[in-house]
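Here is a friendly note to read beside the model. Keep the viewer open and look up each residue as it comes along.

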Amino acid sequence: MTPTEEMNGSGNLMDFLDEPIPDVGTYEDFHTIDWLREKSRDTDRHRKITSKSKESIWEFIKSLLDAWSGWVVMLLIGLLSGTLAGVIDLAVDWMTDLKEGVCLSAFWYSHEQCCWTSNETTFDDRDKCPQWQKWSELMTGHALGAGAYVLNYFLYVMWALFFSFLAVTLVRVFAPYACGSGIPEIKTILSGFIIRGYLGKWTLLIKTVTLVLAVSSGLSLGKEGPLVHVACCCGNLFSSLFSKYSKNEGKRREVLSAAAAAGVSVAFGAPIGGVLFSLEEVSYYFPLKTLWRSFFAALVAAFTLRSINPFGNSRLVLFYVEYHTPWYMAELVPFILLGVFGGLWGTLFIRGNIAWCRRRKTTWLGRYPVLEVMAVTGITAILAFPNPYTRRSTSELISELFNDCGALESSQLCDYVNDPNMTRPLDDIPDRPAGPGVYAALWQLALALVFKIVITIFTFGMKIPSGLFIPSMAVGAIAGRIVGIAVEQMAYHHHDWIIFKNWCRPGADCVTPGLYAMVGAAACLGGVTRMTVSLVVIMFELTGGLEYIVPLMAAAVTSKWVADAFGKEGIYEAHIQLNGYPFLDVKDEFTHRTLATDVMRPRRGEPPLAVLTQEGTTVEDVEALIKDTDYNGFPVVVSRESERLIGFVQRRDLTLAIKSARQKQDGVVSNSVVYFTEDAPQLPASNPQPLKLRRILNLSPFTVTDHTPMETVVDIFRKLGLRQCLVTRSGRLLGIITKKDVLRHMAQMMNQDPESIMFN
């Protein structure tokens, strides 16, 4: 027997932590993960599987299954998110039309599907068929007249209120996390923050159902952002089936990054745009392997959606456009002006919406979410019904605004004065003077523009699922179409002006107003979200307009420059800041000349740092330290006198290890000595058995010296995803800097309230 064993009175000193403890290495809710630890755990797991695979055929097969599990998860995410998106699209179509009437031959058909199956539809009135009846016609037998109008108006408002009441009630009762867009929270989760339940099964179910109700109620919101949340819920659901992902938070986030790509893929029918969106806008850590898997998930999701064919046009794109005229260099001027408008609208929207959301958080408004949703829905429905452009669903509105006026169009926007002698092919109609229908449409569109700009500010952020992509695009598309018609009429009436002379001959088809709507939509979406590359790709995938990349790029870049001039953050970053999520944005620059010693704690006048010694602390001391403090972990030093740093131990791991040792290991009592060294300390024989906790000690915590510039520290926190880093001088521990300290310091340097970044 060794002397140590004699002194401890035990012939079998058990290193209790040779057995892995359940839940050690996991994280508590609202805490940040340790990316470096997750990475090294995955490397260890992989090394173990590789070495075992050489032992037998069975182990080799298991290693193959492990390697393929990532692709299986992507396949499942793609299939489920594609299916859910298809179901949501079909349900929204039906329920939006239900506010105006019902199909008698089959009540589950939308207006369009009802008249597809009819043999009695005429070409001029293709939207009218005997099978589809408005509510007034069904109830009173009259389709026209003041009484019928009032009844239809009343029922439209009632249906809208019913849908939104159902949506907000389901969210409140079953899944409070299902509200909002979801993208700010997903950005925060992907940066390493834990929000338990945010991607749970209930959230998935309720978000899917309430998304249909919220969009159908006619509120100024879209389904695109929430579909990213839905896809990430699918990703989380399938991650839990494979231990490789369920037990490693870092690996799980790789799956969620790919799921976000699948979400945008099905929201817009834009698989490549989805991958770029995940890379540019959402993801924090995006290795090459994740890029391929995102591509695969987006592909499967898009293929699944195409099989369901919710738009009934056998296309994946939402707003298919086919313009017959090229764009000209002189048109870049109005395109850039639309970019400026998009940037200004983005700034106005972000400032207005954040001010309203802050008011909601700090006043009585926040206590009555149902009342707020009902009030906004009531106002929206009452103001939207009289105007045909706001009454219809926003997607239909954008589709009409993007459309080019062909010879077969019956829309009011295409009411031009035709030349009776015109003998041209149908797809190449020359510019014509605008008729009374176009002028009436312009007035209605101008009113719709003001209505959308104002109401969207109050709608986004309510306690129902609400996306921002479609309302922003609608604002831009309306503005773009108005500008497009103005340029078209100028070119027609003043074709001898110097700006039109070179490219616009009389009788030619020079200007396409639909293209201006498309460029305006891209500009406004860019102004709000600050996307650039992914935005342009999403727009040309969305419309199929490949040759219009340059106008789209010009508008997207201009809108970003203009919006950035007023403030660097997009709407999602602004909401992250408003909610106080601990998110270190990679795009932010830190240019202040402060040092680690200015930020570290303890500061002058504060009590000394709570530390553990490598040997000599009892179980009781450790438990008292955990009880009296709320720190996430404790540095371990050689002794309190020398303060030489040994390592760092997490609070949760300590708690679990001591609890497990008390249950499983004999002789561990309150005055047992806890030691973190390889060998047990020399103790008298009368002492109870000591407890070895070296296994949970991180022997290589990240350290910086007290003179390290904060610019470097911020960079390290961003790139390595650290939770905390220790500050030393010549190996002596001086203090600690946590992620929250860094965020507080950055807020202080920007003259903001440092406490505003705390999670609330």
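1. Let's begin with an annotation. UniProt, in an unreviewed entry, places the feature "domain: CBS" at residues 600–664 and 697–755; UniProt positions are given in the numbering used here, feature names are shortened, and annotations may be inferred rather than shown by experiment. In the span 600–664, the end C-alpha atoms lie 39 Å apart, and 37% is helix and 26% strand. Helices (H or I, at least four residues) and strands (E, at least two) are DSSP runs, numbered from the N terminus.

2. Before going further, some ground rules. This is a predicted model, in which local features need pLDDT of at least 70, side-chain atom pairs count only at pLDDT 80 or more, and totals for chains, interfaces and linings use all residues. Residues are numbered from 1 along each chain as its sequence is written, and side-chain values use heavy atoms, with hydrogens and water left out.

3. Now find strand S5 (residues 633–637). Five of its five residues are buried, so S5 is largely enclosed by the rest of the structure; buried means under 20% relative accessible area, exposed over 50%, and partly exposed in between (1.4 Å probe, protein chains only). Gly633, Pro635 and Val637 point one way, while Phe634 and Val636 point the other way.

4. Which strands pair with S5? Strand S3 (residues 612–613) runs parallel to S5 and is joined to it by two bridges, with Thr613 and Val637 as bridge partners. Strand S6 (residues 645–650) pairs with S5 in the antiparallel sense over five bridges, and here Phe634 has Val649 as its partner. Two strands pair if DSSP finds at least two bridges between them.

5. Another sheet is open, with three strands in the order S9-S10-S11 and mixed pairing. Its edge strands, S9 (703–705) and S11 (732–738), each pair on one side only. Strand S10 (residues 724–729) pairs with S11 in the antiparallel sense over six bridges, and Arg729 stands opposite Arg732 in S11. Helix H28 (residues 710–720) packs on this sheet and touches S9, S10 and S11; contact means heavy atoms within 4.5 Å. The direction of H28 makes about 65° with that of S11; axes are lines fitted to C-alpha atoms, for helices over the stretch in contact, and angles run from 0 to 180 degrees between N-to-C directions.

6. What about the interior? The largest nonpolar core has 156 residues, and Phe402, Met473, Met539 and Ile737 have the most contacts inside it. Such a core is a set of buried Ala, Val, Leu, Ile, Met, Phe, Trp, Tyr and Cys residues joined through side-chain atoms within 4.5 Å. A second, separate core of 20 residues includes Ile658, Ala661, Val668 and Ile696.

7. Phe402 is one of the buried residues of helix H17 (residues 394–402). Helices H16 (388–391), H18 (436–459) and H19 (469–493) are among those covering the buried residues of H17.

8. Finally, look at the rings. The whole structure holds 24 aromatic pairs: rings of Phe, Tyr and Trp (its six-membered ring) pair if their centres lie within 6.5 Å, and planes under 30 degrees apart count as stacked, over 60 as edge-to-face and the rest as tilted. Phe107 and Trp108 are edge-to-face, at 5.4 Å centre to centre and 80° between the planes. Phe174 and Trp202 are stacked, at 5.6 Å and 10°. Phe174 lies in helix H6 (residues 146–174) and Trp202 in helix H8 (residues 201–216), so this pair ties together parts that are 28 residues apart in sequence.
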